[in-house]
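Hi,

Here is the structure I promised to pass on.

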Amino acid sequence: MADHELEPRLQSMPLLNRRELMAGAAGLVLVSVARPAQARPALAEALRAFSGGAEIRPGKVTFEIPPLVENGNAVGVTITVDRPMSASDHVRRIAMFNEKNPQADVAVFQLGPRAGRAKVQTRIRLADSQMVVAVAELSDGSFWSSEAKVFVTLAACVEDLS
Amino acid sequence: MRGWLSLLAIGLLLAAADSNAIEEQPKLSGLEFVSPETRSLQADDASNPGMLWVLRGEQLWQEPAGRSQASCASCHGEARQSMRGVALRYPAFDAGAGQPIDLKGRINRCRTDNQDAPALEHESEELLALTTYVAHQSRGMSVPPVEDERLRSVIEQGESLFRERIGQLDLSCAACHDDRWGQRLGSSPIPQAHPTAYPLYRLEWQTVGSLQRRLRNCMIGVRAEPFAYGSPEFIALELYLMQRAEGLPVETPGVRP
Amino acid sequence: MTRTMISAPETARAGDVVEIKAMIAHPMETGYRVDATGKPIPRNIINRFECTYDGEVVFAADLHPAISANPFIAFSTIATRSGPISFTWTDDEGKTETASVEIQVE
(Lines give C-alpha, C1' and ligand atoms only; values in the text may rest on other atoms or scores of the structure.)
Protein backbone atom coordinates (compact mmCIF):
# COMPACT_ATOMS: atom_id res chain seq x y z
CA MET A 1 0.00 0.00 0.00
CA ALA A 2 1.40 3.39 -0.95
CA ASP A 3 1.66 5.93 1.86
CA HIS A 4 -0.50 8.51 0.14
CA GLU A 5 -3.41 6.08 0.10
CA LEU A 6 -3.69 6.24 3.86
CA GLU A 7 -4.68 9.86 4.12
CA PRO A 8 -8.10 9.80 2.49
CA ARG A 9 -8.83 6.63 4.43
CA LEU A 10 -8.14 8.39 7.73
CA GLN A 11 -10.26 11.33 6.70
CA SER A 12 -13.14 9.05 5.89
CA MET A 13 -13.35 7.84 9.49
CA PRO A 14 -15.00 10.64 11.44
CA LEU A 15 -16.27 8.21 14.04
CA LEU A 16 -12.87 7.32 15.40
CA ASN A 17 -12.22 8.61 18.88
CA ARG A 18 -9.00 10.27 19.90
CA ARG A 19 -7.38 7.05 21.05
CA GLU A 20 -7.72 5.40 17.64
CA LEU A 21 -6.61 8.52 15.86
CA MET A 22 -3.47 8.43 17.94
CA ALA A 23 -3.01 4.76 17.15
CA GLY A 24 -3.65 5.63 13.54
CA ALA A 25 -1.01 8.34 13.56
CA ALA A 26 1.50 5.92 15.06
CA GLY A 27 0.55 3.41 12.37
CA LEU A 28 1.16 5.98 9.69
CA VAL A 29 4.72 6.49 10.87
CA LEU A 30 5.28 2.74 10.91
CA VAL A 31 3.88 2.26 7.44
CA SER A 32 6.11 4.96 6.05
CA VAL A 33 9.24 3.21 7.31
CA ALA A 34 8.14 -0.42 7.14
CA ARG A 35 8.57 -2.19 3.82
CA PRO A 36 8.70 -5.99 3.87
CA ALA A 37 12.42 -5.84 3.11
CA GLN A 38 13.25 -3.55 6.05
CA ALA A 39 10.40 -4.35 8.43
CA ARG A 40 11.03 -5.30 12.05
CA PRO A 41 12.97 -8.56 12.37
CA ALA A 42 10.14 -11.00 13.08
CA LEU A 43 8.17 -10.07 9.97
CA ALA A 44 11.26 -9.84 7.74
CA GLU A 45 12.51 -13.18 9.02
CA ALA A 46 9.16 -14.84 8.46
CA LEU A 47 9.00 -13.50 4.90
CA ARG A 48 12.56 -14.62 4.22
CA ALA A 49 11.89 -18.07 5.65
CA PHE A 50 8.85 -18.41 3.39
CA SER A 51 10.55 -17.30 0.16
CA GLY A 52 13.85 -19.00 0.97
CA GLY A 53 15.54 -15.66 0.44
CA ALA A 54 14.04 -15.12 -3.03
CA GLU A 55 12.86 -11.64 -3.91
CA ILE A 56 9.22 -10.87 -3.09
CA ARG A 57 7.73 -8.37 -5.54
CA PRO A 58 4.54 -6.37 -5.06
CA GLY A 59 1.67 -7.36 -7.39
CA LYS A 60 -0.54 -10.19 -8.70
CA VAL A 61 -2.06 -10.68 -5.20
CA THR A 62 -5.39 -9.15 -4.17
CA PHE A 63 -5.81 -8.88 -0.43
CA GLU A 64 -9.32 -8.11 0.83
CA ILE A 65 -9.42 -7.16 4.50
CA PRO A 66 -11.58 -4.49 6.14
CA PRO A 67 -9.57 -1.31 6.85
CA LEU A 68 -11.39 -0.82 10.16
CA VAL A 69 -12.51 -3.74 12.36
CA GLU A 70 -14.71 -3.84 15.46
CA ASN A 71 -12.88 -6.69 17.09
CA GLY A 72 -9.46 -8.12 16.32
CA ASN A 73 -10.45 -11.66 17.35
CA ALA A 74 -11.96 -12.54 13.99
CA VAL A 75 -11.04 -10.44 10.97
CA GLY A 76 -12.27 -11.88 7.70
CA VAL A 77 -9.66 -12.01 4.91
CA THR A 78 -9.85 -13.06 1.28
CA ILE A 79 -6.72 -13.54 -0.80
CA THR A 80 -6.98 -13.92 -4.57
CA VAL A 81 -4.08 -14.42 -6.96
CA ASP A 82 -4.39 -13.57 -10.61
CA ARG A 83 -3.25 -16.86 -12.18
CA PRO A 84 -5.05 -19.35 -14.49
CA MET A 85 -4.30 -22.35 -12.22
CA SER A 86 -3.17 -24.52 -15.14
CA ALA A 87 -0.57 -27.28 -14.86
CA SER A 88 2.11 -24.94 -16.14
CA ASP A 89 0.98 -21.70 -14.51
CA HIS A 90 -0.51 -21.85 -11.03
CA VAL A 91 -0.16 -20.80 -7.42
CA ARG A 92 1.70 -23.28 -5.21
CA ARG A 93 1.33 -21.55 -1.84
CA ILE A 94 -0.27 -18.48 -0.33
CA ALA A 95 1.01 -17.23 3.02
CA MET A 96 -0.07 -14.51 5.37
CA PHE A 97 2.03 -12.57 7.85
CA ASN A 98 1.46 -9.76 10.34
CA GLU A 99 3.47 -6.98 11.85
CA LYS A 100 2.54 -6.75 15.54
CA ASN A 101 1.05 -10.01 16.86
CA PRO A 102 3.38 -11.99 19.16
CA GLN A 103 4.28 -14.08 16.09
CA ALA A 104 4.61 -12.95 12.50
CA ASP A 105 3.20 -16.14 10.90
CA VAL A 106 -0.53 -16.43 10.32
CA ALA A 107 -1.04 -19.28 7.86
CA VAL A 108 0.39 -21.01 4.79
CA PHE A 109 -2.08 -22.49 2.29
CA GLN A 110 -1.01 -25.14 -0.23
CA LEU A 111 -2.84 -25.05 -3.53
CA GLY A 112 -2.23 -26.50 -6.97
CA PRO A 113 -3.80 -26.79 -10.40
CA ARG A 114 -6.68 -28.82 -8.91
CA ALA A 115 -7.81 -25.79 -6.90
CA GLY A 116 -9.22 -24.33 -10.12
CA ARG A 117 -9.09 -20.87 -8.66
CA ALA A 118 -6.43 -19.18 -6.53
CA LYS A 119 -8.70 -17.87 -3.82
CA VAL A 120 -8.59 -18.50 -0.07
CA GLN A 121 -10.74 -17.11 2.72
CA THR A 122 -10.22 -17.30 6.48
CA ARG A 123 -10.56 -15.35 9.74
CA ILE A 124 -7.53 -14.06 11.59
CA ARG A 125 -6.60 -12.45 14.91
CA LEU A 126 -5.02 -9.04 15.03
CA ALA A 127 -3.72 -7.94 18.42
CA ASP A 128 -3.52 -4.28 17.40
CA SER A 129 -3.80 -1.92 14.46
CA GLN A 130 -1.10 -3.07 12.08
CA MET A 131 0.04 -4.07 8.63
CA VAL A 132 -0.77 -7.51 7.23
CA VAL A 133 1.05 -9.06 4.26
CA ALA A 134 -0.08 -11.77 1.84
CA VAL A 135 2.53 -13.55 -0.30
CA ALA A 136 1.96 -15.99 -3.16
CA GLU A 137 4.49 -18.48 -4.52
CA LEU A 138 3.86 -19.24 -8.19
CA SER A 139 4.75 -22.39 -10.12
CA ASP A 140 7.63 -20.55 -11.82
CA GLY A 141 9.21 -20.03 -8.39
CA SER A 142 8.51 -16.30 -8.21
CA PHE A 143 7.02 -14.59 -5.14
CA TRP A 144 4.43 -11.80 -5.17
CA SER A 145 2.84 -9.84 -2.37
CA SER A 146 0.21 -7.39 -1.25
CA GLU A 147 -0.01 -5.43 2.01
CA ALA A 148 -2.91 -3.90 3.90
CA LYS A 149 -3.14 -1.67 6.93
CA VAL A 150 -5.90 -2.59 9.39
CA PHE A 151 -7.20 -0.42 12.22
CA VAL A 152 -8.52 -2.41 15.17
CA THR A 153 -10.85 -0.40 17.39
CA LEU A 154 -11.21 -1.06 21.09
CA ALA A 155 -14.61 -2.07 22.37
CA ALA A 156 -16.26 -0.50 25.40
CA CYS A 157 -17.65 -2.79 28.12
CA VAL A 158 -15.32 -5.72 27.53
CA GLU A 159 -15.56 -8.69 29.82
CA ASP A 160 -12.30 -8.58 31.77
CA LEU A 161 -11.77 -5.24 33.44
CA SER A 162 -9.77 -6.55 36.35
CA MET B 1 -22.02 0.79 4.97
CA ARG B 2 -23.65 4.09 4.14
CA GLY B 3 -27.01 2.56 5.01
CA TRP B 4 -26.20 1.75 8.58
CA LEU B 5 -24.24 4.93 9.14
CA SER B 6 -27.15 7.08 8.08
CA LEU B 7 -29.39 4.91 10.22
CA LEU B 8 -27.12 5.76 13.13
CA ALA B 9 -27.23 9.41 12.24
CA ILE B 10 -31.02 9.29 12.34
CA GLY B 11 -30.72 7.49 15.65
CA LEU B 12 -28.57 10.28 17.05
CA LEU B 13 -31.09 12.90 16.02
CA LEU B 14 -33.94 10.92 17.50
CA ALA B 15 -32.07 10.33 20.70
CA ALA B 16 -31.31 14.02 20.97
CA ALA B 17 -34.87 15.04 20.25
CA ASP B 18 -36.62 12.56 22.45
CA SER B 19 -35.21 10.58 25.33
CA ASN B 20 -38.44 8.76 26.09
CA ALA B 21 -38.78 5.03 26.51
CA ILE B 22 -37.86 2.70 23.68
CA GLU B 23 -41.52 1.95 22.89
CA GLU B 24 -41.88 5.32 21.18
CA GLN B 25 -38.82 4.86 18.98
CA PRO B 26 -38.18 2.52 16.06
CA LYS B 27 -37.06 -0.86 17.34
CA LEU B 28 -33.73 -1.90 15.87
CA SER B 29 -31.93 -5.19 16.33
CA GLY B 30 -28.35 -4.99 17.55
CA LEU B 31 -27.51 -6.26 14.08
CA GLU B 32 -28.23 -2.76 12.73
CA PHE B 33 -25.34 -1.38 14.76
CA VAL B 34 -22.57 -3.77 13.73
CA SER B 35 -20.21 -3.58 10.75
CA PRO B 36 -21.21 -5.05 7.38
CA GLU B 37 -18.53 -7.73 7.90
CA THR B 38 -20.02 -8.89 11.20
CA ARG B 39 -23.47 -8.78 9.64
CA SER B 40 -22.51 -11.03 6.75
CA LEU B 41 -20.89 -13.42 9.23
CA GLN B 42 -24.31 -13.88 10.85
CA ALA B 43 -26.18 -14.04 7.55
CA ASP B 44 -24.33 -17.04 6.07
CA ASP B 45 -24.94 -20.26 8.03
CA ALA B 46 -21.84 -21.83 6.48
CA SER B 47 -19.64 -19.15 8.02
CA ASN B 48 -21.63 -18.22 11.16
CA PRO B 49 -19.58 -19.81 13.97
CA GLY B 50 -22.70 -19.94 16.17
CA MET B 51 -23.98 -22.70 13.89
CA LEU B 52 -21.36 -25.03 15.43
CA TRP B 53 -23.38 -24.76 18.67
CA VAL B 54 -26.66 -25.37 16.84
CA LEU B 55 -25.10 -28.52 15.39
CA ARG B 56 -23.86 -29.65 18.81
CA GLY B 57 -27.31 -28.98 20.26
CA GLU B 58 -28.88 -31.11 17.54
CA GLN B 59 -26.70 -34.04 18.61
CA LEU B 60 -27.39 -33.53 22.31
CA TRP B 61 -31.12 -33.44 21.54
CA GLN B 62 -30.83 -37.09 20.39
CA GLU B 63 -28.53 -38.30 23.20
CA PRO B 64 -30.02 -40.29 26.09
CA ALA B 65 -29.21 -38.69 29.45
CA GLY B 66 -29.58 -39.52 33.14
CA ARG B 67 -31.10 -42.55 34.80
CA SER B 68 -34.15 -42.37 32.56
CA GLN B 69 -31.92 -42.89 29.52
CA ALA B 70 -34.40 -40.67 27.70
CA SER B 71 -33.26 -38.05 25.21
CA CYS B 72 -34.97 -34.73 24.54
CA ALA B 73 -36.19 -36.36 21.32
CA SER B 74 -37.79 -39.29 23.20
CA CYS B 75 -40.49 -36.92 24.45
CA HIS B 76 -40.37 -33.93 22.12
CA GLY B 77 -39.64 -35.67 18.81
CA GLU B 78 -38.39 -33.51 15.99
CA ALA B 79 -37.27 -30.17 17.42
CA ARG B 80 -37.93 -28.54 14.05
CA GLN B 81 -41.65 -28.98 14.71
CA SER B 82 -41.98 -29.29 18.48
CA MET B 83 -39.65 -26.42 19.40
CA ARG B 84 -40.79 -24.00 16.72
CA GLY B 85 -41.83 -20.77 18.43
CA VAL B 86 -41.07 -22.09 21.92
CA ALA B 87 -38.21 -19.65 22.64
CA LEU B 88 -40.61 -16.75 21.97
CA ARG B 89 -42.55 -17.66 25.12
CA TYR B 90 -39.58 -17.53 27.48
CA PRO B 91 -39.07 -16.52 30.24
CA ALA B 92 -42.41 -18.20 31.06
CA PHE B 93 -44.31 -18.80 34.30
CA ASP B 94 -43.48 -22.19 35.76
CA ALA B 95 -46.54 -23.32 37.70
CA GLY B 96 -44.62 -26.01 39.56
CA ALA B 97 -42.08 -23.58 40.95
CA GLY B 98 -44.56 -20.71 41.23
CA GLN B 99 -42.12 -18.39 39.51
CA PRO B 100 -40.85 -17.53 36.04
CA ILE B 101 -38.17 -19.60 34.40
CA ASP B 102 -36.00 -18.85 31.35
CA LEU B 103 -35.29 -21.16 28.43
CA LYS B 104 -32.09 -22.63 29.80
CA GLY B 105 -33.74 -23.00 33.20
CA ARG B 106 -36.53 -24.90 31.45
CA ILE B 107 -34.01 -27.18 29.74
CA ASN B 108 -32.32 -27.90 33.06
CA ARG B 109 -35.70 -28.53 34.74
CA CYS B 110 -36.40 -31.09 32.03
CA ARG B 111 -33.08 -32.74 32.75
CA THR B 112 -33.51 -32.96 36.52
CA ASP B 113 -37.25 -33.75 36.62
CA ASN B 114 -37.79 -35.82 33.49
CA GLN B 115 -34.43 -37.25 32.46
CA ASP B 116 -33.25 -37.79 36.04
CA ALA B 117 -29.93 -36.26 35.06
CA PRO B 118 -27.82 -33.64 36.83
CA ALA B 119 -28.51 -30.03 35.83
CA LEU B 120 -26.04 -28.59 33.33
CA GLU B 121 -23.84 -25.75 34.55
CA HIS B 122 -24.46 -22.17 33.51
CA GLU B 123 -22.45 -21.30 30.38
CA SER B 124 -21.41 -24.95 29.91
CA GLU B 125 -20.98 -26.02 26.28
CA GLU B 126 -23.87 -28.48 26.61
CA LEU B 127 -26.38 -26.02 28.07
CA LEU B 128 -25.40 -23.31 25.57
CA ALA B 129 -25.62 -25.78 22.69
CA LEU B 130 -29.08 -27.06 23.68
CA THR B 131 -30.39 -23.54 24.36
CA THR B 132 -28.99 -22.26 21.06
CA TYR B 133 -30.49 -25.23 19.21
CA VAL B 134 -33.94 -24.72 20.74
CA ALA B 135 -33.90 -20.93 20.24
CA HIS B 136 -32.71 -21.44 16.64
CA GLN B 137 -36.00 -23.26 15.88
CA SER B 138 -37.72 -19.85 16.28
CA ARG B 139 -35.35 -17.96 14.00
CA GLY B 140 -37.24 -15.44 11.89
CA MET B 141 -40.35 -15.52 14.12
CA SER B 142 -41.37 -12.28 15.83
CA VAL B 143 -41.58 -11.85 19.59
CA PRO B 144 -45.30 -11.82 20.55
CA PRO B 145 -46.82 -9.73 23.36
CA VAL B 146 -46.68 -11.30 26.81
CA GLU B 147 -50.19 -12.37 27.74
CA ASP B 148 -49.69 -14.36 30.92
CA GLU B 149 -51.07 -12.16 33.72
CA ARG B 150 -48.93 -13.97 36.28
CA LEU B 151 -45.89 -12.35 34.65
CA ARG B 152 -47.07 -8.72 35.01
CA SER B 153 -45.39 -8.08 38.34
CA VAL B 154 -42.18 -9.73 37.12
CA ILE B 155 -42.08 -7.47 34.05
CA GLU B 156 -42.51 -4.49 36.38
CA GLN B 157 -39.68 -5.72 38.55
CA GLY B 158 -37.54 -6.16 35.43
CA GLU B 159 -38.34 -2.66 34.27
CA SER B 160 -37.37 -1.11 37.60
CA LEU B 161 -34.09 -3.05 37.51
CA PHE B 162 -33.57 -1.71 33.98
CA ARG B 163 -34.06 1.86 35.19
CA GLU B 164 -32.19 1.62 38.47
CA ARG B 165 -28.84 3.40 38.56
CA ILE B 166 -26.14 1.03 39.75
CA GLY B 167 -22.40 0.71 40.23
CA GLN B 168 -19.59 3.20 40.73
CA LEU B 169 -20.44 4.79 37.37
CA ASP B 170 -24.03 5.28 38.59
CA LEU B 171 -25.59 4.21 35.30
CA SER B 172 -28.80 2.34 34.56
CA CYS B 173 -29.43 0.07 31.57
CA ALA B 174 -31.91 2.71 30.38
CA ALA B 175 -29.34 5.52 30.55
CA CYS B 176 -27.47 3.89 27.66
CA HIS B 177 -29.97 1.69 25.86
CA ASP B 178 -33.13 3.85 26.01
CA ASP B 179 -31.65 7.34 26.12
CA ARG B 180 -28.41 7.08 24.16
CA TRP B 181 -28.71 4.23 21.67
CA GLY B 182 -27.07 5.05 18.36
CA GLN B 183 -24.43 7.13 20.10
CA ARG B 184 -20.99 5.77 20.86
CA LEU B 185 -19.29 4.50 23.97
CA GLY B 186 -15.60 4.50 23.09
CA SER B 187 -15.58 3.18 19.55
CA SER B 188 -18.66 0.97 20.01
CA PRO B 189 -22.13 2.06 18.92
CA ILE B 190 -24.68 1.70 21.73
CA PRO B 191 -27.46 -0.67 20.61
CA GLN B 192 -31.01 -0.78 21.96
CA ALA B 193 -30.24 -3.94 23.95
CA HIS B 194 -32.73 -6.42 22.53
CA PRO B 195 -32.32 -10.05 23.60
CA THR B 196 -33.51 -11.60 20.33
CA ALA B 197 -30.21 -12.98 18.99
CA TYR B 198 -29.20 -14.94 22.13
CA PRO B 199 -27.45 -17.20 22.76
CA LEU B 200 -25.05 -15.51 20.37
CA TYR B 201 -21.47 -15.72 19.17
CA ARG B 202 -19.49 -12.74 20.41
CA LEU B 203 -16.15 -12.15 18.68
CA GLU B 204 -14.82 -10.78 21.98
CA TRP B 205 -15.71 -14.04 23.76
CA GLN B 206 -14.59 -16.20 20.81
CA THR B 207 -17.49 -18.43 21.72
CA VAL B 208 -21.27 -18.55 22.17
CA GLY B 209 -22.63 -17.06 25.39
CA SER B 210 -25.95 -16.41 27.08
CA LEU B 211 -27.86 -13.17 27.59
CA GLN B 212 -27.00 -13.39 31.28
CA ARG B 213 -23.29 -13.47 30.47
CA ARG B 214 -23.79 -10.26 28.45
CA LEU B 215 -25.79 -8.66 31.26
CA ARG B 216 -23.02 -9.51 33.70
CA ASN B 217 -20.50 -7.84 31.35
CA CYS B 218 -22.68 -4.71 31.34
CA MET B 219 -22.92 -4.69 35.13
CA ILE B 220 -19.17 -5.17 35.52
CA GLY B 221 -18.76 -2.37 32.93
CA VAL B 222 -20.56 0.11 35.16
CA ARG B 223 -18.60 -1.24 38.16
CA ALA B 224 -21.56 -2.91 39.81
CA GLU B 225 -21.66 -6.30 41.51
CA PRO B 226 -23.25 -8.54 38.85
CA PHE B 227 -26.27 -10.68 39.75
CA ALA B 228 -25.60 -14.40 39.96
CA TYR B 229 -26.36 -16.64 36.97
CA GLY B 230 -29.94 -17.85 37.20
CA SER B 231 -30.93 -15.29 39.86
CA PRO B 232 -34.55 -14.05 39.93
CA GLU B 233 -33.27 -10.54 39.09
CA PHE B 234 -31.81 -11.80 35.81
CA ILE B 235 -35.01 -13.70 34.94
CA ALA B 236 -37.01 -10.51 35.56
CA LEU B 237 -34.62 -8.46 33.41
CA GLU B 238 -34.72 -11.08 30.64
CA LEU B 239 -38.51 -11.02 30.71
CA TYR B 240 -38.67 -7.22 30.64
CA LEU B 241 -36.20 -7.12 27.71
CA MET B 242 -38.18 -9.78 25.84
CA GLN B 243 -41.50 -7.90 26.06
CA ARG B 244 -39.64 -4.66 25.24
CA ALA B 245 -38.44 -6.35 22.02
CA GLU B 246 -42.00 -7.29 20.95
CA GLY B 247 -42.22 -7.52 17.16
CA LEU B 248 -38.52 -8.11 16.52
CA PRO B 249 -37.54 -11.42 14.91
CA VAL B 250 -35.41 -14.04 16.67
CA GLU B 251 -31.91 -14.27 15.11
CA THR B 252 -30.30 -17.08 17.11
CA PRO B 253 -27.44 -17.66 16.66
CA GLY B 254 -26.56 -13.98 16.31
CA VAL B 255 -23.02 -12.69 15.80
CA ARG B 256 -21.80 -9.53 17.54
CA PRO B 257 -18.39 -7.90 17.97
CA MET C 1 -19.41 -36.15 17.91
CA THR C 2 -19.54 -33.68 15.06
CA ARG C 3 -17.57 -30.58 15.79
CA THR C 4 -17.18 -29.64 12.18
CA MET C 5 -19.28 -27.99 9.51
CA ILE C 6 -18.70 -28.37 5.80
CA SER C 7 -20.45 -26.48 3.05
CA ALA C 8 -19.97 -27.93 -0.44
CA PRO C 9 -22.27 -28.52 -3.40
CA GLU C 10 -23.89 -31.98 -3.57
CA THR C 11 -23.68 -32.10 -7.35
CA ALA C 12 -21.42 -30.54 -9.97
CA ARG C 13 -20.42 -31.01 -13.59
CA ALA C 14 -16.92 -32.33 -14.30
CA GLY C 15 -14.58 -29.37 -14.64
CA ASP C 16 -16.66 -27.03 -12.47
CA VAL C 17 -14.79 -25.07 -9.84
CA VAL C 18 -16.65 -25.79 -6.58
CA GLU C 19 -16.38 -23.69 -3.45
CA ILE C 20 -15.84 -25.44 -0.12
CA LYS C 21 -16.23 -23.87 3.33
CA ALA C 22 -14.90 -25.74 6.34
CA MET C 23 -15.32 -24.81 10.00
CA ILE C 24 -14.41 -26.61 13.22
CA ALA C 25 -15.18 -25.86 16.87
CA HIS C 26 -11.79 -25.31 18.51
CA PRO C 27 -10.58 -22.65 20.98
CA MET C 28 -7.27 -22.08 19.12
CA GLU C 29 -5.62 -21.41 22.46
CA THR C 30 -2.64 -19.19 21.67
CA GLY C 31 -0.40 -20.06 24.61
CA TYR C 32 -0.25 -16.37 25.51
CA ARG C 33 -3.20 -16.33 27.89
CA VAL C 34 -3.44 -17.02 31.61
CA ASP C 35 -6.35 -18.55 33.50
CA ALA C 36 -8.25 -16.99 36.43
CA THR C 37 -5.47 -18.00 38.84
CA GLY C 38 -2.73 -16.49 36.68
CA LYS C 39 -1.44 -19.83 35.41
CA PRO C 40 -0.46 -19.85 31.72
CA ILE C 41 -2.92 -21.76 29.52
CA PRO C 42 -0.84 -24.07 27.29
CA ARG C 43 -0.97 -23.50 23.57
CA ASN C 44 -3.36 -25.77 21.72
CA ILE C 45 -4.25 -24.84 18.18
CA ILE C 46 -5.31 -26.65 15.05
CA ASN C 47 -1.96 -26.52 13.25
CA ARG C 48 -2.83 -28.49 10.12
CA PHE C 49 -5.83 -28.80 7.83
CA GLU C 50 -6.06 -31.05 4.76
CA CYS C 51 -8.65 -31.68 2.10
CA THR C 52 -8.39 -34.91 0.11
CA TYR C 53 -10.44 -35.57 -3.01
CA ASP C 54 -10.12 -38.08 -5.84
CA GLY C 55 -6.91 -39.63 -4.57
CA GLU C 56 -4.97 -36.49 -3.77
CA VAL C 57 -4.55 -33.73 -1.20
CA VAL C 58 -6.11 -30.87 -3.18
CA PHE C 59 -5.74 -28.21 -0.48
CA ALA C 60 -3.85 -27.95 2.81
CA ALA C 61 -3.01 -25.31 5.38
CA ASP C 62 -0.45 -24.83 8.14
CA LEU C 63 -2.05 -22.65 10.79
CA HIS C 64 -0.57 -20.46 13.53
CA PRO C 65 -2.10 -18.90 16.68
CA ALA C 66 -3.16 -15.85 14.65
CA ILE C 67 -5.99 -17.91 13.12
CA SER C 68 -9.29 -17.15 14.90
CA ALA C 69 -10.99 -19.50 17.34
CA ASN C 70 -13.31 -21.97 15.57
CA PRO C 71 -11.22 -21.79 12.40
CA PHE C 72 -13.00 -21.10 9.14
CA ILE C 73 -11.36 -21.79 5.77
CA ALA C 74 -12.93 -21.40 2.34
CA PHE C 75 -11.22 -22.59 -0.83
CA SER C 76 -12.06 -24.26 -4.12
CA THR C 77 -11.39 -27.41 -6.10
CA ILE C 78 -12.23 -28.68 -9.57
CA ALA C 79 -14.95 -31.33 -9.65
CA THR C 80 -13.36 -34.43 -11.23
CA ARG C 81 -15.40 -37.48 -10.26
CA SER C 82 -18.13 -38.61 -7.85
CA GLY C 83 -16.99 -39.62 -4.39
CA PRO C 84 -16.04 -38.34 -0.99
CA ILE C 85 -14.30 -35.05 -0.27
CA SER C 86 -12.50 -35.65 3.04
CA PHE C 87 -11.18 -33.22 5.61
CA THR C 88 -8.79 -33.60 8.53
CA TRP C 89 -7.83 -31.14 11.24
CA THR C 90 -4.91 -31.87 13.59
CA ASP C 91 -4.21 -29.94 16.80
CA ASP C 92 -1.14 -29.48 19.03
CA GLU C 93 -2.21 -32.40 21.23
CA GLY C 94 -2.13 -34.61 18.17
CA LYS C 95 -5.91 -35.01 18.16
CA THR C 96 -7.43 -35.40 14.72
CA GLU C 97 -10.97 -34.57 13.64
CA THR C 98 -12.27 -35.79 10.32
CA ALA C 99 -15.25 -35.01 8.15
CA SER C 100 -16.40 -36.09 4.74
CA VAL C 101 -19.03 -35.03 2.21
CA GLU C 102 -20.15 -36.79 -0.96
CA ILE C 103 -20.16 -35.02 -4.27
CA GLN C 104 -22.02 -36.29 -7.34
CA VAL C 105 -20.19 -35.34 -10.53
CA GLU C 106 -21.99 -35.62 -13.87
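Predicted model: local features only at pLDDT ≥ 70, side-chain atom pairs only at ≥ 80, totals over all residues.

Let's start in chain B. There you'll find an open sheet of 3 strands, in the order 6-5-7, with mixed pairing. Strand 6 (207-209) and strand 7 (254-256) of chain B are its edge strands, each pairing on one side only. From one strand to the next, the twist averages 35°. In general, the strands of a sheet pair through backbone hydrogen bonds, either parallel or antiparallel. For strand 5 (residues 200-202) and strand 6 of chain B, the sense is antiparallel, over 3 bridges.

Next, a pair of helices in chain B. Two packed helices are described by the angle between their axes and the distance between the axes. Helix 10 (residues 211-221) and helix 11 of chain B pack at an angle of about 105°, and their axes are 11 Å apart. Angles of 65 to 115 degrees count as roughly perpendicular, so that is how helix 10 of chain B sits relative to helix 11 of chain B. On the helix 10 side of chain B, the contact involves Leu211(B), Gln212(B), Leu215(B), Arg216(B) and Met219(B); facing them from helix 11 of chain B are Phe234(B), Ile235(B), Leu237(B), Glu238(B) and Leu241(B). Sorted by class, this contact has 7 nonpolar, 1 polar and 2 charged residues.

While you're at helix 11 (residues 232-244) of chain B, look for Arg244(B), which belongs to that helix. Is Arg244(B) buried or exposed? Buried means under 20% relative accessible area, and Arg244(B) comes out at 1%, so it counts as buried. A polar atom of the Arg244(B) side chain lies 3.1 Å from the backbone oxygen of Ala193(B).

Last stop, chain C. How many of the 8 residues of strand 3 (residues 17-24) of chain C are buried? The count is 6, so this strand is largely enclosed by the rest of the structure. Strand 3 of chain C runs antiparallel to strand 1 (residues 4-7) of chain C, joined by 4 bridges, and Thr4(C) stands opposite Ile24(C) there. Strand 3 of chain C also pairs in the antiparallel sense with strand 6 (residues 72-78) of chain C, over 7 bridges. Within that pairing, Ala22(C) has Ile73(C) as its bridge partner.

Cheers

Technical notes:
Residues numbered from 1 in each chain as written. Chains lettered and ligands numbered in written order. Heavy atoms only, no water. Helix = DSSP H or I, 4+ residues; strand = E, 2+ residues; numbered from the N terminus. Buried < 20%, exposed > 50% of the residue type's maximum accessible area, 1.4 Å probe, protein only. Polar contact = N/O pair within 3.5 Å; in protein donor to acceptor, adjacent residues only side chain to side chain. Pairing = 2+ DSSP bridges. Axes fitted to C-alpha atoms, helices over the stretch in contact; angles between N-to-C directions. Parallel < 35°, antiparallel > 145°, perpendicular 65-115°, else oblique. Contact = heavy atoms within 4.5 Å. Nonpolar A, V, L, I, M, F, W, Y, C, P; charged D, E, K, R; others polar.
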